[in-house]
Amino acid sequence: MRALLHACVAVLAIAAAMPSLSWAQTPAPSITKEMAALFQRASNDILDVAEAMPAEKYGYKPAAEMSTFSDQLVHVAGIVQRFVDTSKGMKTEAAHHGAMGKPDVIALLKKTFQSGQDSVAQLSDAQLLETVKFPFGDRMVTRYTYWQGPLYQIRNHHGQLVVYLRMNGIVPPTTARR
């Protein structure tokens with residue numbers, strides 16, 4: 001009986017230790033990799049929106065005083081590019097590309113988003129905690145907060161552009177995937 005009790009205690013001790021052993025083998029998450037994944041997801045979502053709108057609707061705007069669908073996308077690319085350029089020590093202003101067709105807008109977005117993803121991916125977790133100047137206003141922030149800027153812009157405009165799609169009878173890709 002005593003041997004059985006010892007065997008049960010030993011089995012329970014081993015079972016209790018198993019999760020901690022497997023957790024110990026799991027590498028620690030990387031903030032940089034998580035940030036790069038967020039950037040990739042946000043970029044893909046807005047590219048999907050850009051692809052969903054027919055080319056002939058790129059000039060659509062819900063009201064006269066609002067930006068066109070195309071202008072919204074070009075604006076996002078310009079803002080992201082400004083963050084990328086500033087991170088490399090280059091001073092740029094938001095670009096004005098004029099009226100662009102769907103293929104050119106999508107190519108611009110892809111190029112800009114790839115540049116942003118490459119900029120984030122080359123950082124270490126320690127570098128994300130360093131202080132840098134924010135490209136808008138006069139303030140210092142961590143690089144982590146800095147790179148939240150373009151992500152915020154991408155997500156903000158994604159939400160606006162979903163409305164543009166809905167107003168044209170198009171189900172947004174993020175909704176269609178559900």
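Visitor: In what order do the elements of the protein run from the N terminus on?

Guide: The order is α-α-α-α-α-β-β-α-α, that is, 7 helices and 2 strands. Helices (H or I, at least four residues) and strands (E, at least two) are DSSP runs numbered from the N terminus. The model is predicted, so local features need pLDDT of at least 70 and side-chain atom pairs count only at pLDDT 80 or more, while totals for chains, interfaces and linings use all residues. Residues are numbered from 1 along each chain as its sequence is written, and side-chain values use heavy atoms, with hydrogens and water left out.

Visitor: What percentage of the residues of the protein count as buried?

Guide: Buried means under 20% relative accessible area, exposed means over 50%, and partly exposed lies in between (1.4 Å probe, protein chains only). Here 37% of the 178 residues are buried.

Visitor: Which residues touch the most other members of the largest nonpolar core?

Guide: In soluble globular proteins, nonpolar side chains tend to be buried together. A nonpolar core is a set of buried Ala, Val, Leu, Ile, Met, Phe, Trp, Tyr and Cys residues joined through side-chain atoms within 4.5 Å. The largest one here has 40 residues, and Tyr58, Phe69, Leu73, Leu109, Phe113, Trp147 and Ile154 touch the most other members. Two or more residues come from each of α2, α3 (69-87), α4 (102-121) and α6 (143-167), with α3 giving the most, 9 residues. Leaving out residues up to four places away in sequence, Leu73 is in contact (heavy atoms within 4.5 Å) with Ile46, Ala50, Tyr58, Val105, Leu109 and Leu161.

Visitor: At what angle do the axes of α3 and α4 cross?

Guide: Two packed helices are described by the angle between their axes and the distance between the axes. Axes are lines fitted to C-alpha atoms, for helices over the stretch in contact, and angles run from 0 to 180 degrees between N-to-C directions. For α3 and α4 the axes cross at roughly 25 degrees and come within 9 Å. Angles under 35 degrees count as roughly parallel, over 145 as roughly antiparallel, 65 to 115 as roughly perpendicular and the rest as oblique; α3 and α4 are therefore roughly parallel. Residues making the contact include Leu73, Ala77, Val80 and Gln81 of α3 and Leu109, Thr112 and Phe113 of α4. Thr112 itself touches Ala77, Val80 and Gln81, not counting residues up to four places away in sequence.

Visitor: Are α2 and α3 roughly parallel or antiparallel?

Guide: Their axes come within 11 Å and cross at roughly 160 degrees, which makes α2 roughly antiparallel to α3. Phe39, Ile46, Val49 and Ala50 of α2 meet Phe69, Leu73, Val76 and Val80 of α3.

Visitor: Which side chain does Ser30 join in a polar contact of 3.2 Å?

Guide: A polar contact is a pair of N or O atoms within 3.5 Å; within protein, one must be able to donate a hydrogen and the other to accept it, and residues adjacent in sequence count only if both atoms are side-chain atoms. Ser30 sits in the loop between α1 (2-25) and α2 (31-52), and its side chain makes the 3.2 Å contact with that of Asp125. A polar atom of the Ser30 side chain also lies 3.1 Å from the backbone nitrogen of Lys33. Elsewhere, the side chains of Asp118 and Gln114 are joined by a polar contact of 2.7 Å.
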